[in-house]
Amino acid sequence: MDKTTHFGYQQVAESEKAAKVADVFHSVAAKYDVMNDLMSAGLHRLWKRFTVAQAGLRPGMKVLDVAGGTADLTRLFLKEVGDTGTVVLTDINHSMLSEGRDRMLNEGKTPPTVQCDGEKLPFPDNYFDAVCVAFGLRNMTHKDQALAEMNRVLKPGGRLLVLEFSKVWKPLEPAYDLYSFKLLPFMGKLVANDPGSYQYLAESIRMHPGQEELKTMMETAGFAKVRYHNLTAGVVALHRGFKL
Amino acid sequence: MIAEGLAEKGLNHLLRQSPGAAEALVRHSGQSVRLDLGVRQLDFRIAADGYFSEAAIDVPDATIRPTTRLFTRLPFFGKSALRDADYQGDPALLATLDRVFKQLAWDVEADLAQWVGDAAAHRLHDFGQTALAQLGGAWRALGRNASEYMVEEADMMARRVDVARFNAEVDELADAAARLEARLNRLGL
């Protein structure tokens with residue numbers, strides 16, 4: 001019998017999760033950026049800028065943006081690595097990736113864009129100076145395998161950045177729960193006409209490993225000097241580790 | 001995480017603004033440097049392009065430990081105070097680092113220009129320099145006055161303890177004079 005995994009609060013067969021996640025993102029792709037701004041009151045832009053600042057990028061470097069979707073981070077990375085550097089935008093979801101690619105084209109940029117699974121990256125070993133996954137790891141079925149893959153494609157000394165929803169500061173939990181389970185689906189219905197996807201978002205955040213757990217997972221995957229920084233009281237955390 | 005990121009970004013920014021600085025470090029690429037701040041250790045590796053890249057290091061090739069003396073002398077002596085840090089490790093790497101650190105210069109005007117434009121940056125920079133020069137001049141004048149007071153005038157002013165001792169001596173003398181007068185009266189002189 002197929003192993004099961006979580007999809008929000010539901011238990012589904014591992015083989016089904018990717019397709020279900022894909023459905024969610026096919027559904028929200030067109031309104032993804034608007035909803036991000038609405039849901040986070042624009043804070044996601046600051047979280048992403050903070051992530052880029054921690055990447056230590058210089059002109060000429062190679063960066064992999066895993067689950068890059070609408071290319072928010074790719075465009076910021078491109079500014080850092082300049083014309084001599086490379087940023088590869090990837091996502092498993094065609095709708096999201098198309099949004100990102102079109103957005104880059106509209107800005108006159110043509111970064112390599114690859115539709116691929118974060119758990120099976122089609123890149124050589126020791127290739128990238130930095131790998132980043134922002135709000136993507138949560139949706140992967142085998143997070144340990146994805147982290148191992150990111151470790152494989154990183155050059156020794158390269159760094160992985162994981163920006164993801166995390167465990168919020170305890171006193172804020174009731175308010176955060178109210179916001180996530182009541183207001184978020186309501187906004188999803190109002191703006192994107194898709195309350196189910198935003199219900200999944202709230203549930204998947206609760207099922208995602210907390211700060212310390214993810215740190216341990218990264219260390220198990222082979223990363224050294226793993227540290228994390230809570231943003232907005234732990235609503236989001238940036239984890240960073242180095243490949244030895 | 002933030003401290004390392006800021007240090008890395010700051011150092012590389014200064015290297016970029018100082019011609020030849022990163023190039024001087026290229027021959028040490030792959031070597032590691034630890035900035036040991038006591039409470040925190042910041043580890044860097046020198047990348048192939050001569051810039052600093054934060055890294056996970058067990059044993060660094062060079063360690064730089066800022067001392068209290070360095071921090072107290074830095075505002076007054078600038079880069080020449082760098083010799084007061086504690087340096088350990090590969091002498092060739094440390095010699096290059098010493099040379100490079102002394103060469104680093106922050107081009108404030110260039111950074112300001114990115115935000116406010118060239119003309120405004122030039123004026124702001126000039127204004128800042130003038131203000132700093134005046135502030136420095138005021139501090140120096142204050143220092144000169146203080147030292148002049150200590151050397152020339154301090155000894156001319158009676159200290160509170162000396163005045164108290166003098167008063168006590170005057171009292172003692174008055175008592176002795178009164179006793180002598182009483183004796184002379186008794187002798188009928």
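What share of the contacts in chain B with a separation of 6 or more comes from residues 24 or more positions apart? I looked that up first, counting two residues as in contact if their C-beta atoms, placed from the backbone, lie within 7 Å. The figure came out at 52%.

Bookkeeping for myself: this is a predicted model, where local features need pLDDT of at least 70 and side-chain atom pairs count only at pLDDT 80 or more, while totals for chains, interfaces and linings use all residues. Residues are numbered from 1 along each chain as its sequence is written, and chains are lettered from A, ligands numbered from 1, in the order in which they are written.

Next, the elements. I found 7 helices and 5 strands in chain B, taken as DSSP runs numbered from the N terminus (helices H or I, at least four residues; strands E, at least two). Read from the N terminus, they go α-α-β-β-β-β-α-β-α-α-α-α.

Then overall shape. The C-alpha trace of chain B spans about 110 × 50 × 30 Å along its principal axes.

Last, the contact with chain A. Chain B puts in 13 residues and chain A 12. On the chain B side, helix 1 (2-17) and strand 3 (52-54) each give two or more residues, and helix 1 of chain B has the largest share, 5 residues.
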